[in-house]
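Student: Could we go through this structure together, please?
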Amino acid sequence: MPDLRVCARRLTARQVVSGRLPGMTYNKAKLYKECLMIVYDEQNQTFTLHTCNTTYQMKVDHYQVLVHTYYGPYVGDNSLSHCLRCADRDFSPNPNEAGNDRTYSLDIIPQEYSTCGVGDFRLPSVEPELPDGSHTLDLRYLGYTLQKGKYTLPDLPAFYSAEEEAETLTLYLEDASAQIETALYFGVFEKSDLITRAVRIINRGKETVRLHRCASLCLDFLRADMDLITFNAHHLMERCPDRAPLRSGIQSVGSVRGISSHQHNPFVILCDQNADEYHGLCYGAMLLYSGNFEAAVECSPFESSRLVMGIHPYHFCWSLRPGESFTTPEAALVCSPDGFTQMSQQFHRAIRDHLLRDPYSHRRKPVLINNWEATYFDFTAEKLVDIANEASALGIELFVMDDGWFGVRDDDSSGLGDWQVNKTKLPDGLEGLVSRINSLGMSFGIWVEPEMVNENSALYREHPDWILHVPGRAPARGRGQFVLDFSRKDVRDHIYGQLKTIFSSAPVTYVKWDMNRSLTDVWSDALPPQRQGEVYHRYVLGVYDILERLRTDYPHMLIEGCCGGGGRFDGGMLYYTPQIWCSDDSDAIDRLKIQYGTSFCYPPCTMGAHVSAVPNEQNGRITPLETRGIVAMSGAFGYEMDPGKCSPEEKEIIRRQVAWYQTHYELICRGDYYRLGDPFANNLFTAWEHVSEDKRQAVVSLVTGSVRPSPPYSRLCLKGLDPSLQYRINGSETLYSGGALMQAGYPLPAFSGDYQAIQLYLEAQS
Ligand code: DGJ
């Protein structure tokens, strides 16, 4: 990564610069130049956003249309509008004020935030239904503000920064006739090459406006020769990369399940068709949102393409009364001129430093053991203490009690909603159990699924109207449960009250927040028919609200997100739950694929990963314990098994794994991550690497597939080392130069048997 450009000109703290907005002080150009990350060129009417390696530029044109001129590798402040082309294209209309100039059309010009009904027929970013019944919006530039630090969003997850780490540009657009104002927010994080986007729509009129679509991000490209990579699949196999060239028309992924989903992730990549890990231009776009989303790319016939990302328009309709505004979730962009690795590392850095609010951010997280796969619902306090006892002797530090401890809950058909301790299983209550666990030197964590209720529960019997349901229609079940209407504050308050009682009854340091079905029958008793299009989004806001309360009331508690594993693995949840159970598939070999796909956007420290027993519960595969450990150690590490069933040799392996992870935690969780192999390719092995920021330490992990006869002699070329340093590997006598390890590679041993693994620890010699 190139060195940071020296920053000689900066905005002073709290300085706000603005221009041309009615009622705002207009400051002269001199002040704008104080800012390095954002440069306003008054003469050319351009706004240029700079990060270390990238430049993003917009221009206000002669019709006050906000035109997107460039996003790509760093190019300086000069106006890039010479790249724009105007041409007379039949059937591409011209705005009224263009008169007879047929070469000016919104259908051709790259837009910063595309509109609808006025001549741009490509994907719209926003679609209002105005009081007169029209769906037309023509946004023109009004003014800007520029300030130090990153904007915040009310009640929504967002990247955050200290004042000196980021800058904010807000561009105001308006449709004077519709009396709709729009604020486009841009957050610029120089070091991590991150640009964030969000939009606020304000109804300045005197009647209600209904928003049918309101995207977070619109990004136009003057090219269509790119590949689109999306991350897809299903429960037990999430976030598998899928790459295809853009073609005519619209290609999209999204979710209408009320959760970001196992099927598609709100993260996509657009890249050069020959881009790979280390070459080619690529753009990553993530949406910090945990509900229905859509990421759509449209190729126009004129060699251009447009990415639009935001809340899915399905069943979305938000009423804006006079004076009200709607704020979109945040989207974030990273552009890498040099392939996927750099893009991923910049997302990882930005997520770790500016999104996660992790009570352990400056401390090591405890290695945990979770009882789910060891006991399922069938446990007693004695059984849990037995597991904890065995685990603590192996160095494991946190015991997490999973599903089954509350209400009447011996299987998944009853009990959800009744968050009181089941005294048959835990006769001394939570306090009694936790004090026994604590006396083993372990901290205690607990599983909850607050958004759900079973029909067979006291809560449902008392409040059947608290679920999402359409009047007169029997609601669909999912895992035998219904979804509580979290768009309603009274419902949330009741559930939160129960949770608080539990969490305050004993020293609980960790909560696993689960969610085990997709939303159906999305209708709320609390809203009139014409506002039912708000329920999906209000539900997500409700989840964020209750998670924020939890964070505020228990600032030292670590919250793990879970949605049947990785069904809500997104930037929105990560703001509240700094780690997420990556998948319900705990098989090490399947996890290679899941963790690989996840790593394109999300850092290893966010991926909950456990060693489980063999044969694996999900697919019956048998893998060596060493291999399971090496795969799980590449994330937020833990165990999900009964260590009492392990042999003395296996216990010794576990003891070593725990100690190893504890020692190398910082490197794994904060180091730069390199994918050294693709587990989807039919290769002999998959490998990955974590390198410390100063390049003096690295850990390389490698897992083989099914054994093959006469395997070729293989070497593994490492990445990210300092070519001039000498490294010792696993304490060896021999020293290897960083340059040789990266160019000539490290010779791999001959492997015998399926699914073998090795781990190399490299330490530079001074
Ligand atoms: C789904 C989760 O992903 C599992 O880890 C476990 O917590 C079960 N739910 C419990 O019902």
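Student: Which strand is A233 found in?
Tutor: A233 is found in strand β12, residues 226–234; strands (E, at least two residues) are DSSP runs numbered from the N terminus, as are helices (H or I, at least four). This is a predicted model, in which local features need pLDDT of at least 70, side-chain atom pairs count only at pLDDT 80 or more, and totals for chains, interfaces and linings use all residues. Residues are numbered from 1 along each chain as its sequence is written, and side-chain values use heavy atoms, with hydrogens and water left out.

Student: And what is phi of A233 near?
Tutor: Phi of A233 is near 140°, a positive value in a residue other than glycine.

Student: Changing topic: which residues are closest to the ligand?
Tutor: The closest are D402, D403, K512, D514 and D584, and 13 residues surround the ligand (one heavy atom within 4 Å counts as near). By class, this shell has 4 nonpolar, 3 polar and 6 charged residues. Here Ala, Val, Leu, Ile, Met, Phe, Trp, Tyr, Cys and Pro count as nonpolar, Asp, Glu, Lys and Arg as charged, and the others, Gly among them, as polar.

Student: How far is the polar side-chain atom of D402 from an oxygen atom of the ligand?
Tutor: That distance is 2.7 Å for D402. For a polar side-chain atom of W447, the distance to a ligand oxygen is 3.1 Å, and an N or O atom in the side chain of W581 lies 3.4 Å from a ligand oxygen. The protein covers 97% of the 290 Å² of accessible area that the ligand has on its own (Shrake-Rupley method, 1.4 Å probe).

Student: Which pocket does the ligand take up?
Tutor: The ligand takes the space of the second largest pocket. On a 1 Å grid over the protein atoms alone, a pocket is an open set of points where a 1.4 Å probe fits, with protein on both sides within 12 Å along at least five of seven lines; lining residues have an atom within 4 Å of a point. A molecule sits in a pocket if more than half of its atoms lie within 2 Å of its grid points.

Student: What lines the second largest pocket?
Tutor: Its lining has 27 residues, with H235, N516, G564, G565 and D584 nearest its centre.

Conventions: A polar contact is a pair of N or O atoms within 3.5 Å; within protein, one must be able to donate a hydrogen and the other to accept it, and residues adjacent in sequence count only if both atoms are side-chain atoms.
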